Amino acid sequence: MAEKIDYDFQVHERPLFDAWMEAGYFQRTEGFGPLADNPYTIVIPPPNITGVLHMGHALNDTIQDTCIRRARMQGRPTRWILGTDHAGISTQTKVDKKLADQGISRLEIGREAFVEQCYEWYREYGTTIVNQIKGMGCSCDYSDEHFTLEPAYVKAVRKLFVDWYHNDLIYRGKRIVNWCPSCTTAIADDEAEYVDEAGHLWYLRYPLTEPVDGIEYLTVATTRPETMLGDTGVAVNPKDERFGKLVGKTVKLPLVDREIPIFADWHVDVEFGTGCVKVTPSHDPNDWAMGERAGLERINIFDETAHVVEGYGAFSGMDRDEAREAVVAAFDELGLLDHVEDHDHSVMTCYRCHTKLEPWESEQWFVAVDGLKKDAARVVEDGTIQFHPERWRQVYLDWLANLKDWCISRQLWWGHRIPMFYCDECGWEDASVEDVETCPKCGAAVRQDEDVLDTWFSSQLWPFATMGWTEEGMGAPEIKRCYPTQVLSTARDIMGLWVARMVMASMYCCDGIPFEHVIIHPTVMAADGKPMSKSRGNGVDPLRLMQDYGADGMRFGLLMQVTGTQDLKFNEAKLESSRNFANKIRNAARFVMMNLDGYDGGAPDPQNPVDRWIFSRLANLVAAVDEAYADFEFGDITRDLYSFFWNEFCDWYIELSKARLNGEPEERAQCQRNLVFVLDQALRLLHPIMPFVTEEIYQELPVKKDAPMLIGAAWPDAKALAAYIDADAERAVSMVCEVVSAVRATRARYGISPRTELSVVVKVEGGDAALLQAQAGLIERMGNTSELAIGADVEKPGESSVTLSAGLEVYVVLSGLVDFDAERIRLKKECEKLEKDAAKFEKKLSNPGFLAKAAPEIIEKDTAKLAEVRDNLERVKAQLAELG
C-alpha cells in the first residue's frame with residue numbers, strides 16, 4: 001500500500017458534492033441540445049439495509065455514475081434511481097442476533113414486535129451504505145429514495161402476486177425444496193452455493209423379503225446413509241440384466257422393518273455404485289421424480305431443524321450427523337454394512353449462513369416459470385436487450401432454459417407477507433391486494449398466510465415499481481417518458497436471480513423490456529486471485545481507499561483495471577497512479593492558469609502545427625472515447641484519457657507552448673486560448689470518472705462557461721471536433737516527439753548534460769522527411785542540437801548511437817562523449833531482447849489452440865507486432881555490424 005499524502009480529500013470533495021445536490025443536478029432535470037427529449041435512466045441494484053460499501057459496490061457504482069454523468073453532459077434528462085432492499089434472511093438474521101445478545105428470542109416477543117425491531121434496524125442502519133455511496137460522489141437521486149418495503153412497493157408486490165395467482169402462474173404444492181435447517185426456510189435452487197466435500201460412499205445391504213435364485217440381499221451405495229430411514233423403494237435400470245428378475249420383488253428395509261418395492265427407472269446410472277439405488281422421495285429431488293413415476297410413498301424423516309422426527313426409536317431427536325453415525329453403526333452391528341469408500345462430491349449450502357441444505361418435502365408457493373420464460377428469452381435472442389461483454393448473453397439464455405419452477409415462499413417474519421387469505425370455517429381462500437378480515441362467503445374471520453415472499457420476488461419489480469407503476473400503471477408520467485431504462489450494471493452472480501426475473505416481470509407487467517443494456521462487471525478479487533473475504537484476511541475497504549487516494553483516485557484506478565475478463569485481480573498500485581494522475585491534472589491546470597494574465601477569452605484557433613496536432617489528437621480522443629462508451633469498455637476509456645492528458649497534453653503540448661507564452665502578445669493570446677480550450681475539453685472528458693478534481697478546476701477556470709458547474713456542462717462534440725483532424729500535423733509532431741525523446745534518452749543513457757549541444761542525424765522515409773524538416777526548429781530548441789540533418793538518404797555518422805522508432809532512425813553523434821564499447825554492449829542486449837520478443841510472438845502465432853480461440857483482431861495485432869519486432873531486429877543487427 002502506498003503511503004498517504006498530506007491532502008484531505010474530504011475537505012475538497014464534500015463541499016462540491018453538497019453543491020451538486022443543492023443545485024438539483026441529481027434529480028431528473030431538463031435536458032439540452034439534440035438529446036433534450038431522450039431521457040437516460042439507471043436503477044441502482046438496491047443494496048441490502050444490512051450492507052456496507054465493499055469493492056463490488058465501489059466498482060459497480062463507479063460504472064453507473066460514469067454512465068449517468070456522461071449522459072447528463074450529453075444533454076439527456078437523467079436520473080439514477082436509488083433505494084435499498086429489505087433483504088429478508090439477512091436482516092432477520094442480524095436482528096435475531098441482536099435480540100439474542102440481549103437474551104431475547106423473537107419467538108418470545110412475537111411476530112408484530114419482531115417486525116418492528118426489524119424496522120428499527122432499518123431506521124438505524126439502512127442509510128449507512130447510502131451515505132457511503134454519497135462519499136464516492138455518486139449522482140443518485142437522493143431526493144426520492146426507495147425501499148422495497150415502502151407502502152407503494154408493498155402494494156406493487158401484492159398486485160403482481162394476485163395477478164399471477166389468478167392467471168395460474170402461482171400455485172401451492174408439496175415439493176422437494178432446498179431447506180436451510182439454520183435459517184429454517186426454503187432456499188431457491190439458484191440461491192444455493194455448492195461446496196466440494198471429501199465424503200464417503202457407504203454400501204448397505206437390504207435383505208430381500210424372499211430370496212430369489214439364491215440372492216438374499218441387494219447392496220445399495222449412498223452418500224447419505226441417514227436418509228435410509230425414509231426409503232420407500234429401491235431402483236435399478238431397466239437395461240441392467242443383473243437385476244431384471246428382481247424387479248417387482250421387495251426388500252425389508254433394515255432398522256425400520258418397512259417392506260419396499262424394487263422397481264425399474266431409466267434415471268438409474270448402471271455405472272454408479274452397485275447399480276442399485278435407494279429411493280427417498282422426500283429427501284432427494286431425483287428420488288422424488290422416480291417416486292412420482294413409481295407411485296411410491298413419501299416419508300419425511302426430518303423436522304425443520306433437520307432432526308429425526310418421532311417414531312424412529314433411538315434415532316428420533318438426532319441431528320443429521322448424529323443419525324448418520326448411528327445408522328452406519330447399526331448396519332455394521334447387524335452385519336449389513338458391506339464396505340465404505342472415499343468419495344468426493346459437491347454439497348449445497350445456504351448462501352447466507354453456509355449451513356448444508358437439506359432436500360426436504362414441504363408445502364410451498366411456486367411460480368410456474370414456463371409461462372414467463374419464453375418472452376424473457378426472446379428479447380435477448382433478438383438483441384432488444386444486449387449484454388456486455390456479449391458472452392453473458394448465452395449464459396443468460398442457458399440459465400433460463402434450465403430454470404425450474406421457482407419456490408417463492410420463505411418461512412420468515414421479515415419481508416412481504418404472502419397476500420393469501422384463508423377461511424377455516426368454510427374453506428374459502430383467495431389472494432388479495434388489500435387485507436381481508438372477514439370471509440366474503442360466510443362472514444367468519446380469516447387468516448393470512450404466515451410465510452413471506454422470496455426477496456427476489458419483490459426486487460424483480462424494482463425498475464418499474466420505483467417509477468410510479470403502482471399508482472398509475474403504464475400511464476405514470478415517469479413510466480411513459482422514461483421506461484425502459486437504458487443500462488443495468490450488476491454482478492454475474494445475480495444474473496439469473498435478479499436480471500432474468502426483472503425481464504420476466506417487466507415483460508408481464510409492462511409488456512416490454514426493463515432495460516436496453518446489461519453490463520456484467522468483473523468480480524473484484526484479491527491480488528492473489530482469490531475471493532475477498534474476512535476469513536482470508538484479504539479484503540480491501542473502499543472507505544480506506546478513498547481516504548488514501550480520494551474518491552477520484554479510487555474510481556479511476558478501479559476502472560483502469562476493467563477488461564473483458566471475468567475476474568479483476570485488485571491492484572492497489574493502480575489507485576496510487578490514479579491519485580498521482582489527479583495531482584498531474586491539478587498541476588497542469590495550475591500552470592495554465594498561472595499563464596493567463598491578460599487572457600481575453602477569444603475563440604481557439606489552431607494555426608501552427610503544434611496546435612493542429614493537439615487539436616487533432618483531442619478530436620480523435622473524443623471519437624475513441626465515445627466509441628468505447630457505446631461498448632462499455634471502461635478500461636479503454638481510462639487508458640486513453642490517461643495517455644492523452646499525461647503524455648500528450650502535459651509532457652508535450654504544455655512543454656511546446658512555453659516559448660509561445662513568452663512570445664509576442666498575439667502569439668501569447670492565441671496560445672492561451674488554445675491551452676484553455678484543450679484543458680476545458682479534457683476536463684469534460686474526465687469528469688464522469690473523476691468528478692471532484694475536474695469540477696474543482698472548472699470552477700477556477702477564468703473562462704466563459706456554458707454551465708455554472710461542470711456536472712451540467714456539455715460533453716465534447718465529436719462531430720464538431722472532427723474538423724480539427726489533421727493527419728499531417730499528427731505525424732509531424734509525433735516525429736518531433738520521437739526524435740526529441742531519442743535525444744533525451746541518449747543523454748540520460750550516457751550521462752550527457754542537457755547543456756551540451758549535440759549533433760543529430762535523422763533518417764526518415766519519403767514524405768515524412770519534408771514534414772519533419774518543417775519542424776526542425778522545434779527539435780533544435782527542445783533537443784539542444786548544434787547540428788541537425790534530416791533526410792531519406794542520410795548516412796549514419798561514425799561513432800554515433802542509434803534509436804529506432806516507427807519509420808525513423810535517430811543517430812546522435814557521440815565522438816569524444818561516450819564509450820563505444822558500452823554502445824556495442826547495449827545494442828547486443830537490445831538484439832537479444834528483440835530476438836526473445838520475436839520468438840515469443842512466433843510461438844504464439846504458431847499455436848493452433850491460440851489461433852482457434854483468439855479473436856481475429858488479436859491475431860492481426862500480434863502479427864503486426866511480430867513484423868515490427870523483426871524489422872527492428874534487422875536494423876539493430878545492421879547497426880552492430882557497422883560498429884564492428
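How many bridges join strand S14 to S16, and do the two run parallel or antiparallel? Hi everyone, let me start there. Two bridges join S14, which covers residues 358–367, to S16, and the strands run antiparallel. One place to look is Val367, whose bridge partner in S16 is Trp406. Before I go on, please remember that this is a predicted model.

Now let's step back to the sheet around those strands. S14 and S16 belong to an open sheet of four strands, in the order S6-S5-S14-S16, with antiparallel pairing. At the edges you will find S6, residues 185–187, and S16, residues 406–407, and each of these pairs on one side only. If sheets are new to you, here is the background: strands of a sheet pair through backbone hydrogen bonds, either parallel or antiparallel.

Trp406 comes up again when we look at the rings. It is part of one aromatic cluster, together with Phe161, Trp164, Tyr165, Trp365, Phe457 and Tyr508.

Is S26 enclosed or open? Six of its seven residues are buried, so S26 is largely enclosed by the rest of the structure. As for its partners, S26 runs parallel to S27, residues 785–791, and six bridges join them. Within that pairing, Ser759 stands opposite Glu787 of S27. S26 also pairs with S29, residues 808–813, this time in the antiparallel sense and over five bridges. There, you can find Val764 opposite Leu808 of S29.

Next, some helices. Take H20, residues 634–661, and H26, residues 776–783: their axes come within 11 Å and cross at roughly 95°. That makes H20 roughly perpendicular to H26. On the H20 side, the contact is made by Trp652, Glu655, Leu656 and Ala659, while H26 brings Leu778, Arg781 and Met782. What kinds of residues are these? Five are nonpolar, none is polar and two are charged.

Now for a residue in a loop. Asn595 sits between helix H18 (572–594) and helix H19 (609–630). Is Asn595 buried or exposed? Its relative accessibility is 18%, and buried means under 20%, so Asn595 counts as buried. Leaving aside residues up to four places away in sequence, Asn595 touches Leu661, Arg668 and Gln672.

Let me finish with aromatic pairs. In the pair of Phe632 and Phe634, the ring centres are 6.3 Å apart and the planes are at 45°, so the pair is tilted. Phe632 is buried, with a relative accessible area of 12%, and Phe634 is buried too, at 2% relative accessibility.

My other example is Phe677 with Tyr724. This pair is edge-to-face, with 6.4 Å from centre to centre and 65° between the planes. Where do the two residues lie? Phe677 is in helix H21 (residues 665–686), and Tyr724 is in the loop between helix H23 (718–721) and helix H24 (727–750), so the pair ties together parts that are 47 residues apart in sequence. Phe677 is buried, with a relative accessible area of 18%, whereas Tyr724 is partly exposed, at 25%.

Definitions and conventions: Residues numbered from 1 in each chain as written. Predicted model: local features only at pLDDT ≥ 70, side-chain atom pairs only at ≥ 80, totals over all residues. Heavy atoms only, no water. Buried < 20%, exposed > 50% of the residue type's maximum accessible area, 1.4 Å probe, protein only. Pairing = 2+ DSSP bridges. Contact = heavy atoms within 4.5 Å. Axes fitted to C-alpha atoms, helices over the stretch in contact; angles between N-to-C directions. Parallel < 35°, antiparallel > 145°, perpendicular 65-115°, else oblique. Nonpolar A, V, L, I, M, F, W, Y, C, P; charged D, E, K, R; others polar. Phe/Tyr/Trp six-rings, centres within 6.5 Å; stacked < 30°, edge-to-face > 60°.
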